[in-house]
Amino acid sequence: MRRGCGSAAAVIRLTACTAAFAFATTLAGSVPWASANTTTAAPASFPSRPRVDNPLFPLDPGTGYIYDGTTGRRPEHEVATVLGTTKVIDGITCIPVRDSNWVAGRLVERTIDWYAQDYGGTVWYMGEFATQYKNGEPVGHEGSWKAGSNGAKAGIIMEAAPRVGDTYHQEDYPRHAEDMGKVLDTAASVETPFGTWINQVLMTKDYSLIESGIEHKFYVPGFGLVKSADVKGGAEVMELTGITH
């Protein structure tokens, strides 16, 4: 879900990315992103050949993002890989991301998430197919949804030009998936095992209209999501630890 730099089949550390990050940050500042001002995703607003290059949520096919952290006292490991295929959802061609999650060494969930970027630069969340696992066997598909099916609508995962106070649906499937996002800061700082960024980080508050809990997320230009942390109703902290190509 988040693009970085590096060599093939290798975990990339910050020291290998300094020059590329500086270039990406400069590029991010020069792109005339328009603010997201739509409430629905209309097919005419999207290219037929999908590309997601919003600096705060770039999706480069073949890129893998590695996250490590804890859920309570248990270790957690996550790998998100941008796939090289496409899928048409509700008339919009999307880029899929495979996200696999392990807790204490056991696979607990694997999802395929679908994203699309409109001409203005806003990245939309078009749905997900989730599979939960127990003892290595699939046991359910809780949380799955798809825009255009059963009343579900596309949500916004990243605005083209985030502003403090902006609030938006990330998932819009009434009574099933109603996640929200709110921009808290556009010049925050964050430290992770992958690197430290000062006064250049987007910080959001993620929450649900139908479930309790609040999560803070941190996005860096050129990389995307680098950290997430529960601040209410949970005990999960995940940080970017590597990027592969």
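## A walk through salt bridges and strands

A search of the whole structure turns up four salt bridges. Keep in mind that this is a predicted model.

Start by selecting R51 and D53. Their side chains form a salt bridge, with the closest N and O atoms 3.1 Å apart. Colour by accessibility if you like: R51 counts as exposed because its relative accessibility is 58%, over the 50% cut-off. D53, at 23%, counts as partly exposed.

Next, select R163 and D166. Here the N to O distance in the salt bridge is 3.5 Å. D166 is at 14% relative accessibility, so this residue counts as buried, while R163 comes out partly exposed at 46%.

Now jump to D206 and K217, which meet in a salt bridge at 3.4 Å, N to O. This pair links distant parts of the chain: D206 sits in strand β12 (residues 195–208) and K217 in strand β13 (residues 214–220), 11 residues apart. Buried or exposed, these two? Both D206 and K217 are buried.

Time for the strands. Show residues 236–244, which make up β15, together with β1 (residues 64–71): the two run antiparallel and are joined by eight bridges. To find your bearings, pick D68, whose bridge partner in β15 is E239.

Then bring in β14 (residues 224–232), which also pairs with β15 in the antiparallel sense, over three bridges. Select A229 and you'll find V237 of β15 standing opposite. Finish at the turn: β14 and β15 form a hairpin with three residues between them, and G233 in that turn has a positive phi of about 80 degrees.

Note on methods: Residues numbered from 1 in each chain as written. Predicted model: local features only at pLDDT ≥ 70, side-chain atom pairs only at ≥ 80, totals over all residues. Heavy atoms only, no water. Pairing = 2+ DSSP bridges. Helix = DSSP H or I, 4+ residues; strand = E, 2+ residues; numbered from the N terminus. Buried < 20%, exposed > 50% of the residue type's maximum accessible area, 1.4 Å probe, protein only.
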